[in-house]
Amino acid sequence: MRLLKTPFFVLLLLLPLLLEAQSLFPIKKDKKWGLMNAEGRLVQQPVYDAIGEFKQFGYATMQRKGRVGLLNSEGTEIVPPNYEDLKPLDSTLISVMEKGAWKVINLEGKVVLAAGYDQVEVLRGRKQTGAVQSMAFLSFKIDKKWGIVNEKGAVIASPRFDEVSLFKNLPQGVTTSYFQTKTDGLLGLLLPSGLELLTPQANEIRVWNGNLIFYEKFQKWGAVNQHGQPILDNIYEQFSSLSANFLKLVSNNKAYLFSLVYNNLITNGEYEAYYAFSDDFVLCKKQQLLGLIDHCGSLVLGIRYSEIQPYNGEAFRANIDGKWGIVTLEDRVLIPLGFDYISPMKNGRCVVIRDRKCGVTNSRGDVMVNLQFDRIELEEDQVKAYSGEQLSVFNFDGEGQLQDERNFDKHFTIKVSKGKESRRAWPAETDSPYQLEKFEWFHAKGKWGLRRLDNGNVQIEPTFHEVKVEKELGLTLVGIEMMQEIEFDRTSYRFEMGYGLVQNDTGLLVHEVDLVDIRMNDFDRGFPVARCLFTNGKHGLVNRIGKIITRDFAFIGDFSGGVARASQKGRMSTTLDKSALNMGSLQGFLVSKLSP
């Protein structure tokens with residue numbers, strides 16, 4: 001016979017942990033039970049007829065004179081033995097039976113929910129006064145209808161709903177709880193104060209922030225605020241985020257702009273499209289021309305430009321019919337629109353190009369280096385200008401004034417001492433969502449392309465209908481409108497956008513446009529790969545440089561602990577049986593996809 005030593009060894013290792021976990025032990029004296037700690041000290045006198053094990057919430061049931069109560073992990077009597085039966089629902093709420101009927105009390109013995117309910121469940125939510133502390137709520141069922149009380153016994157909702165639950169997937173920054181209600185298959189929303197933001201009428205609800213709640217009804221979206229007052233009529237087919245302060249909505253093929261600063265619509269469908277520009281401004285398009293609108297709805301740059309790019313603060317690089325200049329708010333011209341290209345500002349200077357010759361201007365539009373060079377490199381205190389093999393170096397002082405010029409016949413590195421003089425604070429260089437280290441995305445004739453920053457040459461011709469720059473990942477998600485159907489069970493769902501990937505540092509398309517979804521949040525969570533869904537319905541994985549690792553899975557689930565459920569064979573099917581093993585709701589699966 002072979003002696004198995006390993007289990008015993010493991011048990012020895014775990015024994016100190018077990019002793020630490022159970023620090024109190026029942027003892028019996030004179031037919032009564034008490035509690036002793038690990039040091040042998042009596043912590044609860046033997047006065048009980050029985051003491052059970054310490055289980056859920058660290059509580060143990062005890063019995064005296066035929067009645068039961070509760071002891072905590074320190075042996076203290078927290079619920080006196082006055083009840084026929086009891087069951088801890090939560091660390092602070094106990095269901096107790098008295099005179100054959102169940103009721104719920106708290107640890108002070110106050111009745112939170114009186115007898116007469118058929119079923120009760122604990123809902124643990126957030127306190128409205130802070131995001132860290134939590135508050136217990138009770139949902140209770142009477143005559144097949146559900147209601148809600150809080151941990152103090154105050155009624156939040158009378159029993160009138162078919163279902164109630166805590167609303168999940170709240171966005172970051174929302175510190176209160178919401179209750180999702182359901183009646184006749186339709187959803188509503190309730191605050192812990194008892195205010196009903198939405199009566200049960202919606203097929204889907206999305207909390208955007210604490211002051212904006214979207215709901216879908218009859219395949220159209222509307223919105224209410226934190227008081228339940230209508231903000232948006234129920235007429236929009238879709239909505240999406242443009243930036244931190246703007247949303248785009250679509251109704252009857254018209255685009256509308258919503259300001260999150262003012263929590264209201266700021267346009268009336270007069271523009272054809274909107275594109276993200278910054279947190280303060282949005283590009284608007286009309287008849288193939290662009291303008292710029294602020295979060296008040298004011299047109300700060302008129303609809304007259306072929307292209308608008310950030311420059312600094314409230315000045316912008318603008319292009320009309322291929323000619324570039326610098327303009328400020330209300331279309332005031334800072335640098336006349338006569339250049340073939342103007343680069344983004346760097347250290348108070350920018351490269352300007354005309355007739356293939358390069359020069360340098362400062363933030364005010366003054367020409368600092370004449371337009372006579374083939375190529376220019378901007379550095380902190382220097383400008384390196386090349387004409388063939390001849391290098392000219394222009395040095396600038398701390399105020400940005402030109403100091404001197406040096407000429408050299410061959411290319412080589414020059415080191416210049418910076419000294420300890422004070423530096424001028426240059427105007428802030430706008431952090432454009434489309435500007436990369438070497439390239440910038442630009443919009444022309446309804447599509448997005450990629451341009452080099454040093455000379456304005458086009459790296460990728462305007463091809464894409466949508467771009468989403470992920471600077472921290474070093475990738476840009478590029479989309480092309482296409483109608484692609486993917487079948488789930490016996491129903492086909494149409495996706496309207498295909499995606500590819502461009503590397504930000506090389507400006508190269510590293511993956512063809514054959515994806516309908518990439519779970520970028522997998523990268524955000526620190527994983528080396530992200531799940532993706534192809535236009536043929538297959539699931540796969542892509543790494544951080546845009547390389548497809550695998551592409552032939554029938555399904556890949558969410559990562560948990562660095563692993564994910566996956567299947568290489570079979571197909572996904574749907575069921576109405578909520579009790580069956582499943583991967584979640586089909587609606588949630590479809591809504592979470594990038595492609596509309």
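Visitor: Which residues does phenylalanine 281 touch, not counting residues up to four places away in sequence?
Guide: This is a predicted model, by the way. In it, phenylalanine 281 touches Phe246, Leu292, Ile293, Asp294, Val300, Phe316 and Leu329.

Visitor: Is phenylalanine 281 buried or exposed?
Guide: Phenylalanine 281 has a relative accessible area of 9%, so it counts as buried, the cut-off being under 20%.

Visitor: And which strand does phenylalanine 281 lie in?
Guide: That's β29, residues 281-286.

Visitor: What about the largest nonpolar core, which members touch the most others?
Guide: That core has 29 residues, and the ones touching the most other members are Leu292, Ile308, Phe316, Tyr434, Trp441 and Phe464. Another core, of 25 residues, lies apart from it, with Ile326, Ile335, Ile353 and Leu453 among its members.

Visitor: Switching to rings. How many aromatic pairs does the structure hold?
Guide: There are 16. One of them is phenylalanine 57 with tyrosine 59, a tilted pair at 6.3 Å centre to centre and 50° between the planes.

Visitor: Of those two, how accessible is phenylalanine 57?
Guide: Phenylalanine 57 is partly exposed, at 35% relative accessibility, whereas tyrosine 59 is buried, at 11%.

Visitor: What kind of pair do tyrosine 236 and tyrosine 256 form?
Guide: Edge-to-face, with 5.7 Å between centres and 80° between the planes. The pair links distant parts of the chain: tyrosine 236 is in β23 and tyrosine 256 is in β26, 20 residues apart. Tyrosine 236 is buried at 3% relative accessibility, and tyrosine 256 is buried too, at 14%.

Visitor: Which residues do ring pairs link into a cluster?
Guide: Trp208, Phe214, Trp221 and Phe239.

Visitor: Where does the charged end of arginine 349 sit?
Guide: Over the ring of phenylalanine 396, 4.3 Å from its centre. Arginine 375 lies over the face of tyrosine 386, at 4.1 Å from the ring centre.

Visitor: New topic, then. In what order do the strands of the open sheet with β4 run?
Guide: The order is β4-β5-β6-β7, and the pairing is antiparallel. The edge strands are β4 (50-51) and β7 (77-83), each pairing on one side only.

Visitor: How many bridges do β5 and β6 pair over?
Guide: Five, between residues 60-64 and residues 67-71. Threonine 61 stands opposite leucine 70 in β6.

Visitor: Last one: how many helices and strands are in the protein chain?
Guide: Three helices and 55 strands. Of its 596 residues, 44% count as buried.

Note on methods
Residues are numbered from 1 along each chain as its sequence is written. This is a predicted model: local features need pLDDT of at least 70, side-chain atom pairs count only at pLDDT 80 or more; totals for chains, interfaces and linings use all residues. Side-chain values use heavy atoms; hydrogens and water are left out. Two strands pair if DSSP finds at least two bridges between them. Helices (H or I, at least four residues) and strands (E, at least two) are DSSP runs, numbered from the N terminus. Buried means under 20% relative accessible area, exposed over 50%, partly exposed in between (1.4 Å probe, protein chains only). Contact means heavy atoms within 4.5 Å. A nonpolar core is a set of buried Ala, Val, Leu, Ile, Met, Phe, Trp, Tyr and Cys residues joined through side-chain atoms within 4.5 Å. Rings of Phe, Tyr and Trp (its six-membered ring) pair if their centres lie within 6.5 Å; planes under 30 degrees apart count as stacked, over 60 as edge-to-face and the rest as tilted. A charge sits over a ring if NZ of Lys or CZ of Arg is within 6 Å of the ring centre and within 35 degrees of the ring normal.
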